[in-house]
Amino acid sequence: MASNDEKAAIGRQGRTVGSATKLNPIPKGFKLHKRPLIRRPLPASSKDRIIYVSYSTPFMSAVKRVRKQLDRSLKSGGSSQAARKNASLHSRIENLKRDVERSAGSAGSANEQYGATVTLMGTGKAIEKTLSLASWFEQQPDCAVAVRTRTVATVDGIRAAGETDAVEPEEEESRFRRLSCLEVVVSLK
């Protein structure tokens, strides 16, 4: 069990070195327990998809996942009104005409028409793989790619070195850690 002085040392979040704030070192006899990243909740719109890329994610599997999501959004977007099975022939023709007029009237891209994007996110070692996926999709003639950097926070636990995973939450101290994140947004042109 940790004494109050040790818990107070753990609880301090950082020290300032120059213009940066660094985390305090972990005291002797304690171990850092890394928890999984806090993921964003799924978007309310089914048009936006988030795919998390890890270091061990196979490259072509990630490419196929993105392609599948883009194709699925292409099928469901645009002329969904015109393709209804129960609609009469006349209403299908009218809806197709309306879709053609709408696409001819807007000077925007097909992405604005369908509104489908797929977001790839990678942190740590996965940033390299995420960047190579962005490069691969940039070379595709039908894809538009936007790359952004972010910082995400995660909560790590600090426990005594001999404790197991079945430790009670009030005995475990926690601290924030910030990670760099690369976000690649792929959409159809």
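Good morning, colleagues. In this predicted model, helix 5 has five residues that count as buried, namely Ala126, Thr130, Leu133, Ala134 and Phe137. Viewed down the axis of helix 5, these buried residues fall within an arc of 100°, so they line one face of the helix. In general, an α-helix has 3.6 residues a turn, so residues three or four places apart point the same way. The face of helix 5 turned away from the buried side carries two exposed residues, Glu128 and Glu138. As to its dimensions, helix 5 comprises 13 residues and reaches 18 Å from first C-alpha to last, close to the 18 Å expected at 1.5 Å a residue.

Let me now turn to the core. The largest nonpolar core has 16 residues, and those touching the most other members are Val66, Leu70, Leu120, Leu133, Phe137, Val184 and Val186. Which elements each supply at least two residues of this core? They are strand 4 (48-53), helix 2 (59-76), strand 5 (117-123), helix 5 (126-138) and strand 7 (173-188).

Apart from neighbours within four places in sequence, Leu133 is in contact with Val53, Phe59, Ala62, Val63 and Leu120.

Finally, I would draw your attention to threonine 154, located in strand 6 (residues 143-160). Is Thr154 buried or exposed? Its relative accessibility is 1%, and because the cut-off for buried is under 20%, threonine 154 counts as buried. Not counting residues up to four places away in sequence, Thr154 touches Arg35, Pro36, Leu37, Arg175, Phe176, Arg177 and Leu179.

Thank you for your attention.

Methods: Residues numbered from 1 in each chain as written. Predicted model: local features only at pLDDT ≥ 70, side-chain atom pairs only at ≥ 80, totals over all residues. Heavy atoms only, no water. Core = buried A, V, L, I, M, F, W, Y, C linked by side-chain atoms within 4.5 Å. Buried < 20%, exposed > 50% of the residue type's maximum accessible area, 1.4 Å probe, protein only. Helix = DSSP H or I, 4+ residues; strand = E, 2+ residues; numbered from the N terminus. Contact = heavy atoms within 4.5 Å. Expected span 1.5 Å × (residues − 1). Arc of directions from axis to C-beta.
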